[in-house]
Amino acid sequence: MNALKQYIDLYDECRTLIEQQSPALLNTLREHAREKLETARLPRKGCEDYEATDLEAVFAHDYGVNINRLPFDADPGETFHCDVPNMSTCLYYSSNDAFHSSATAERNIGQVVVEPFSMAAVDHPELMNAHYGRLASLDNPTTALNSLLVQDGLLIYVPDGVAAERPIQLVNIFNAALDMMVQRRLLIVVGKNASVKILACDHTQSPDYNYLNNQVIEIVAMQGSTIDFYDMEESTPKTHRVSSIYVDQHEGSNVLIDGITLVNGFTRNNYHVEVNGEHAETQLLGMTIASGEQHVDSHTFISHNAPRCHSNEMFKYVLNDNAVGAFAGKILVKSNCPRVEAYQGNRNLCGSPTAKMYTKPQLEIYTDDVMCSHGSAVGQLDEDALFYMRTRGIGIDEARRLLMQAFVADVIDGVRLDALKDRLHYLVEKRFAGTLSNCAGCMQACRPNNK
Amino acid sequence: MKENEKPEKGNQIIEEAAQAEYKYGFVTDIETEVIPKGLDEDVVRRISALKGEPEWLLEFRLKAYRHWLTLKQPTWGHVHVPEIDYQDISYYAAPRKKKDGEKKEIDPELKKTFDKLGIPLEEQLRLSGMAVDAVMDSVSVKTTYRERLAELGVIFCSMSEAVKDYPDLVRKYLGKVVPYTDNFYAALNSAVFSDGSFVYIPKGVRCPMELSTYFRINAAQTGQFERTLIVADDDAYVSYLEGCTAPMRDENQLHAAIVEIIVEDRAEVKYSTVQNWYPGDKDGKGGIYNLVTKRGLCRGDHSKLSWTQVETGSAITWKYPSCVLKGDYSTGEFYSVALTNNWQEADTGTKMIHLGKHSTSTIVSKGISAGHSQNSYRGMVKIAPKATGCRNFTQCDSLLLSDTSGAHTFPVIEVGNDTSVVEHEATTSKINEDQIFYCNQRGIPTEDAVGLIVNGYAKEVMAKLPMEFAVEAQKLLSVSLEGSVG
């Protein structure tokens, strides 16, 4: 069985239609992607870097693909209120893989450009030509598949020296009355000494259908720029995602990526960071709270190609029921890159006898004058701490919840927006309490009752 | 000191260290019986016939050989093993036996060899209190102290003798921990293994002395394929040492061994290795390819297996001494110092497979890379779903002594239940300049300071070696490290 074949066949059949419905630039990569896919196979469980994850099985399902770009009627702005209390954001929606700007957001805030590829190809052709598909490696079969079938995407561009006033918030919604696969694509280019904060969250409106989001995000951080990218998944057990984030960091840039998974079905997150300039800083944070049959697999690769750069990774998993967690991370320090500091941590709590955790932290170092470390631990809540709390009259469930919240707190504390930090603490608290879907306010209903 | 002086001095010292001579690189002029190069079923049959083996063992070899033909040389390690021409190796080399009528004494040349290596073959060297089995090329040449051990019921002899004298025991345990289907090199070894050591410690016996085997490759263009089998019955204890050396040659030679250990209820086995095969010259020419499969099965409850290794030799090292912790409350330990210099490549580590409840394991791995070498730790800790209450602690540190060397760690952790705790920590760095400065301030030259710091760094592992070996291992480290960094 080769799950990729059905998509290659689809492309061959509908090639004209796909190309007609897309900006011309997106068509330039398709042939190359098809060539790569011809010989590629999706990794199966047990392959290198896929110890716990069977991508072949995920893609084998017969998903619908909206090649005709049929519009969806509903206005997501009406039903979804993902605003963060005490924080004013520029809100954008993607419904499946079509982008809408909400009624309240202008298309360009100040000089910051947020546009679908269809517009960006006209307004900023030089930018799109220079960066689209430059980082995303077609050797990765899921990225190649995205490049083969993608028909639109979103460009976020912050010109040199501009600091985006308000965070940009992107709400991704699945909403279709059939099983569906989408190819989301994001290109983020932040110019010299510019800065931006981006919040993305994934939701699903109709929980009865299977969805697969095969997304590719390319982030270019120019000299001295600062980028915060917060990526939260709060969908349904039938929503699956394969996300590949590619980052190119120049001198003195500072990139923070924080991936949070609260509710999902199957998720594979790939983070591929190339640190190409001195004094660049990278922070990768990840937090997963999984129960039921949730499956979350994160794979990070940070390549330090320049001296004196600094990276820090911390991924935390809390697994209950039959949840499966996997983490594989590699730090590479190339030769002639002295004074690199790179740290990687992975901490995991297994809360049930059937939860499984796979972890593989790796270091590959070719320069001597470096400080690198990784640490990984799998364990349970501290019995003494539980006992201490119980002696003070806190029930066992409450005590567990408090300790689990404390366990993931440092990932949330890495968030560089106070209002978002509070919001995340609140969401995590509700997630542990199991009441995430109980509040009213919007379709997704993760809005606090009294706020 | 000027800024730019440091690296220069460092390079100079590294060069000096790189030129430090491999003192075991001599060749013994001894008559050797070598069968022609090449490998096919006839060669396997001939080896078996030369050793006068029973039918079942020949069958075992042939099955392994046929399986080997279906396998490919593995490429996943972080080492560059070139395509080896397996038809260009001689699979059996043995010091020629004296004809009948000659004195049954050990060849004086052979004795000289082992004297040069500092190995007490003669029983007058009783002070060292060690029983020794010496394996030259493929064949065990002399085992000491056998009578005294026999009084206690301990069997310590060469594998070929064991096949003759204790066929039932060998048949019962051979290939049970490392089956011939395990991997490419294990299949090759199972087909062509020529000798090795066999140890059996009966129930309740604490072996009163360290058992030791010295392996030496002497003949040119041969491979060494020995096989060691250690069985510790209920409540038994044994400490086993292994040392290896080889002459300096421009060609690469292959060493593909298997070590199998079975530990029964409440028994304990301590296996220590000081591996000093010829590592090749400073340009990376020659040296031994050390591709070894070592595994122990802690079958009994409360059993314990401890691997300690000091790896300083070999052009390429590819070995993962592992523990299958099947018994409840069983314990596995792995302590390793791996030092690579010049163009050496080492990919070594361990696997701890927890199957028994409340089994525990500890892994301490210290890598030191200098010159242009690559040093990797690759390990796995697996906790089976039913193995509740298990505990593992892993620490693997790497020290880089040159900017052209590499240090890598590739650990895999799989936890299948919620009552086990697994921890892994790894760091990579060079020697802290503050520490060297501190020593300099107190009148200790940089060279000595590096020696002190590295010895301190490796001490945790060295402390686990038996006394006799610790001294040798420390000497080995100091030869390779003599002032490695400025």
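The buried residues of α11(A) are covered by elements of chain A that include β9 (195-204), β11 (226-234), β13 (254-263), β15 (281-290) and α10 (396-413). Helices (H or I, at least four residues) and strands (E, at least two) are DSSP runs, numbered from the N terminus. A residue is buried if 20 or more other C-beta atoms lie within 10 Å of its own, exposed if 12 or fewer, and partly exposed in between, with C-beta atoms placed from the backbone. Two residues are in contact if their C-beta atoms, placed from the backbone, lie within 7 Å. The model is predicted: local features need pLDDT of at least 70, side-chain atom pairs count only at pLDDT 80 or more, and totals for chains, interfaces and linings use all residues. Residues are numbered from 1 along each chain as its sequence is written, and chains are lettered from A and ligands numbered from 1 in the order in which they are written.

**Helix α11 of chain A**

- The buried residues of α11(A) are Leu420(A), Arg423(A), Leu424(A), Leu427(A), Val428(A), Arg431(A) and Phe432(A).
- These residues cover an arc of only 165° around the axis, so they lie on the same side of α11(A); the arc is that of the directions from the helix axis to the C-beta atoms.
- An α-helix has 3.6 residues a turn, so residues three or four places apart point the same way.
- Helix α11 (residues 418-433) of chain A has 16 residues, which at 1.5 Å a residue should span 22 Å, and this agrees with the 23 Å between its end C-alpha atoms. The expected span is 1.5 Å times one less than the number of residues.
- Gly434(A) follows α11(A) and has a positive phi, near 75°.

**Domains of chain A**

- Chain A is divided into domain 1 (4-380) and domain 2 (381-406), with bounds that come from an automatic or database domain assignment.
- The centres of domain 1 of chain A and domain 2 of chain A, taken over C-alpha atoms, are separated by 35 Å.

**Contact between chains A and B**

- Chain A gives 32 residues to the contact and chain B gives 30 residues.
- On the side of chain A that touches chain B, the elements giving two or more residues are β20 (356-365) and β21 (370-379) of chain A.
- That side of chain A has 14 nonpolar, twelve polar and six charged residues. Ala, Val, Leu, Ile, Met, Phe, Trp, Tyr, Cys and Pro count as nonpolar, Asp, Glu, Lys and Arg as charged, and the others, Gly among them, as polar.
- β20(A) pairs with strand β23 (residues 406-415) of chain B in the antiparallel sense, over six bridges; two strands pair if DSSP finds at least two bridges between them.
- Glu364(A) has His408(B) as its bridge partner in β23(B).

**Chain B overall**

- Chain B has eleven helices and 24 strands.
- Of the 486 residues in chain B, 57% are buried.
- Among contacts in chain B between residues at least 6 apart in sequence, 83% join residues at least 24 apart.

**Strand β13 of chain B**

- Twelve of the twelve residues of strand β13 (residues 287-298) of chain B are buried, so β13(B) is largely enclosed by the rest of the structure.
- Strand β10 (residues 252-255) of chain B runs parallel to β13(B) and is joined to it by four bridges, with Gly287(B) in β13(B) as the bridge partner of Asn252(B).
- Strand β11 (residues 258-263) of chain B pairs with β13(B) in the parallel sense over six bridges, and Val259(B) has Lys294(B) as its partner in β13(B).
- Strand β15 (residues 316-319) of chain B is paired with β13(B) in the parallel sense over four bridges; Lys319(B) in β15(B) stands opposite Val292(B).
- Strand β16 (residues 322-325) of chain B also pairs with β13(B) in the parallel sense, over four bridges, and here Ser322(B) stands opposite Arg295(B).

**Two buried residues of chain B**

- Val170(B), in helix α7 (residues 167-173) of chain B, counts as buried because it has 21 C-beta neighbours inside 10 Å.
- Leaving aside neighbours within four places in sequence, Val170(B) is in contact with Ala162(B), Val163(B) and Phe198(B).
- Ala267(B) sits in the loop between β11 and β12 (268-275) of chain B and is buried, with 28 other C-beta atoms within 10 Å.
- Residues that Ala267(B) touches, not counting those up to four places away in sequence, include Ala232(B), Asp234(B), Tyr237(B), Gly300(B) and Ser303(B).
- Ala267(B) and Asp234(B) are 33 residues apart in sequence and 5.4 Å apart in space, C-alpha to C-alpha.
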